[in-house]
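Good morning, and thank you for coming. I shall present one protein chain today, and I ask you to keep its sequence and its structure in view while I speak.

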Amino acid sequence: MKTEGTPEGIERFISPGKGRGLRALKQFKVGDLLFTCPAYTYVLTVNERGNHCEFCFARKEGLSKCGKCKQAFYCNVDCQKGDWPMHKLECSSMCTFGENWNPSETVRLTARIIAKQKIQTEKTTSEKLLSVKEFESHLDKLDNEKMEMIQTDIAALHHFYSKHLEYSDNASLMVLFAQVNCNGFTIEDEELSHLGSAVFPDVALMNHTCCPNVIVTYRGTVAEVRAVQEINPGDEVFTSYIDLLYPTEDRNDRLRDSYFFTCDCKECTTKSKDKAKMEIRKLSDPPKPETVRDMVKYARNVIEEFRRAKHYKTPPSELLEICELSLDKMGAVFEDTNVYMLHMMYQAMGVCLYMQDWDGALRYGEKIIKPYSLHYPAYSLNVASMWLKLGRLYIGLEKKSLGVKALKKAIAIMDVAHGKDHHYIAEIKKEIADQA
Ligand SMILES: [Zn+2]
Ligand SMILES: [Zn+2]
Ligand SMILES: [Zn+2]
C-alpha cells in the first residue's frame, strides 16, 4: 500500500547485513534530487545568534530580537510566532539563569524533540520513510564514558528545561539521548561553518559508505538529497556519515565509536586511496617503518590535543602554535599532501581566518586545495567550501581573476550538490558579477 506523500522513485528496504536502508526504484543522474526532508525539529547554534533567523535559518542583517530574552533573532513577526512553541522552552529559562545558562546543543535539540512529540502526535512530513520512534539507539553498546555523558545531559535537561517539559522516566530519556547521538544531524553553511543541529528522520534511513552516491545539503531547515553518482533502479542509496579525508583505519575508528559498525565498502576493502593519503617524504635516506608508525601515532594524538584545546577556548595564538609545531615535526616524515599535514593546515587556516590574518589563511588554503581534490570524491562539500574560502580570500586581497576562477570551481561542485537554483549559488554568482 502506498501512503500519501511517499517520495517517488525511492523505497525503504532491508539491506543485507545493514538492516533497513533506502533503495532507488528508478534511475537518478548526477545532480538529480532524490528527496527532501523538512527538519522534524532543529536548533540554531548559540554562536550564530543574530546572524541567522532562529525559525527559518535565513542569514541576513537587521534581524529583530525577542523582546523578552533579547537572545533570539527573527526575520519578522511571522518567524517569531512560528518559533514560539520551541523558543518558549528556553526564553524564560535564559532570563532566569543568565550567564549560567549553558545546556549543550544535544540537550537543546532533545528538549525540542520531547516538546514536539507532545504537540505532534500524528506522523510528520519528515517521517515518510522512517519515524523518530524507530530510531536505532545502540544503547546496549555504549561504554561507561558514553553512559556518563548521557547522564550529564539528562541532568542538564532537568536543570534548564523543567519548567516547560514533562519528562518520561530516566530509562526512556537514556534511549532518547542515545537515539539523538547516532541519528542527529548538524547543519552547516556553504563554507561548512556549523549553524545548528537537527533531526531529519527520512535522511537518517540511509546507510553509510565511504564512496557515497548522494550528498545531503540544506536549504534553510530543509535537507535535500542529490545524486553525486549515477544511481540505477535497485541500487542502494548511500550517504557518508563522516569526513572522508582520512585513511581507512581512522574512518572505521570513527564509525565504530559514533555509529557502532565497521564499513565494508569498496574503498574500505581495497584501501585504494590510503597510500596517497599517508604519503611519506621521498628522501635519499627514507624514514624507517617504525619512524612512520610513531609519526602516525603522534599525528592522531596532536589532532586530539588540538580538538581539546579548541573546545576549551585556548587563545588563537596558542592554537596556531600547536599547528605550526606539529607541521614542523610531521614534515620531516610526511609529504605536504599527507592527510595529517592537511588536517593541521586546515586547522591553522581556520585560526588565521578567525584572527583575520587573510594572507596566512590564503597561504594554507593554497597548499590544501590540490591534495584535497585528490583525496576527496569528485563531488565533495569539503572541496567546494575550500574553493569558496579561497575565492573569497583572493577577492578580499584584490586578486580578482584568481578569485573568480576559484569561485567558479566552487559553483561547479555546488551545482550538483546543492542544485543550480540554491540561494548560496546565486550569492556567489553575484560576488563574481561584482568583480566585472
Ligand atoms: Zn525567518
Ligand atoms: Zn526570547
Ligand atoms: Zn567504507
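The axes of helix 11 (residues 339-354) and helix 12 (residues 358-375) come within 9 Å and cross at roughly 145 degrees. An axis here is a line fitted to C-alpha atoms, for helices over the stretch in contact, and the angle, on a scale from 0 to 180 degrees, is taken between N-to-C directions. Helices are DSSP runs of H or I with at least four residues, strands are DSSP runs of E with at least two, and both are numbered from the N terminus. This is a predicted model, in which local features need pLDDT of at least 70 and side-chain atom pairs count only at pLDDT 80 or more, while totals for chains, interfaces and linings use all residues. Residues are numbered from 1 along each chain as its sequence is written, and chains are lettered from A and ligands numbered from 1 in the order in which they are written.

Helix 11 and helix 12 form a left-handed crossing. A crossing has that hand if the near helix is turned anticlockwise from the far one by less than a right angle, and it is right-handed if the turn is clockwise. Which residues meet? From helix 11 they are V339, L342, M345, Y346, A348, M349, C352 and L353, and from helix 12 they are G360, A361, Y364, G365, K367, I368, P371, Y372 and H375. Two residues are in contact if their C-beta atoms, placed from the backbone, lie within 7 Å. The residues of this contact comprise 13 nonpolar, three polar and one charged. In this scheme Ala, Val, Leu, Ile, Met, Phe, Trp, Tyr, Cys and Pro count as nonpolar, Asp, Glu, Lys and Arg as charged, and the others, Gly among them, as polar.

Between helix 11 and helix 12 runs a loop that holds Q356. The phi of Q356 is near 60 degrees, a positive value in a residue other than glycine. Most residues other than glycine have a negative phi. Is Q356 buried or exposed? Q356 counts as exposed, because it has 9 C-beta neighbours inside 10 Å. The cut-offs are as follows: a residue is buried if 20 or more other C-beta atoms lie within 10 Å of its own, exposed if 12 or fewer, and partly exposed in between, with C-beta atoms placed from the backbone.

K70 also has a positive phi, near 60 degrees, and is a residue other than glycine. K70 sits in the loop that joins strand 5 (64-65) to strand 6 (73-74), and K70 is exposed, with 11 other C-beta atoms within 10 Å.

K277 belongs to helix 8 (residues 274-277). Leaving aside neighbours within four places in sequence, K277 is in contact with P247, V339 and H375. K277 counts as buried, since 20 C-beta neighbours lie inside 10 Å. K277 and M341 are 64 residues apart in sequence, yet their C-alpha atoms are 9.8 Å apart in space.

I turn now to helix 3 (residues 144-161) and helix 4 (residues 170-183), whose axes come within 10 Å and cross at roughly 110 degrees. The two helices are therefore roughly perpendicular to each other, a term for angles of 65 to 115 degrees; under 35 counts as roughly parallel, over 145 as roughly antiparallel, and the rest as oblique. Helix 3 passes helix 4 in a right-handed crossing. Helix 3 contributes I150, D153 and I154 to the contact, and helix 4 contributes N170, L173, M174, F177 and A178. By class, these are six nonpolar, one polar and one charged residues.

Helix 3 has another partner, helix 2 (residues 105-119): their axes come within 10 Å and cross at roughly 65 degrees. This crossing is right-handed. T106, V107, T110 and A111 of helix 2 meet D153, A156, L157 and Y161 of helix 3.

Finally, the whole chain. How many helices and strands are there? The protein chain has 15 helices and twelve strands. Its radius of gyration is 23 Å, close to the 22 Å that the globule rule gives for 436 residues, so the chain is as compact as a globular protein of that length. The radius is taken over C-alpha atoms, and the rule is 2.2 Å times the number of residues to the power 0.38. Buried residues make up 37% of the 436 residues.
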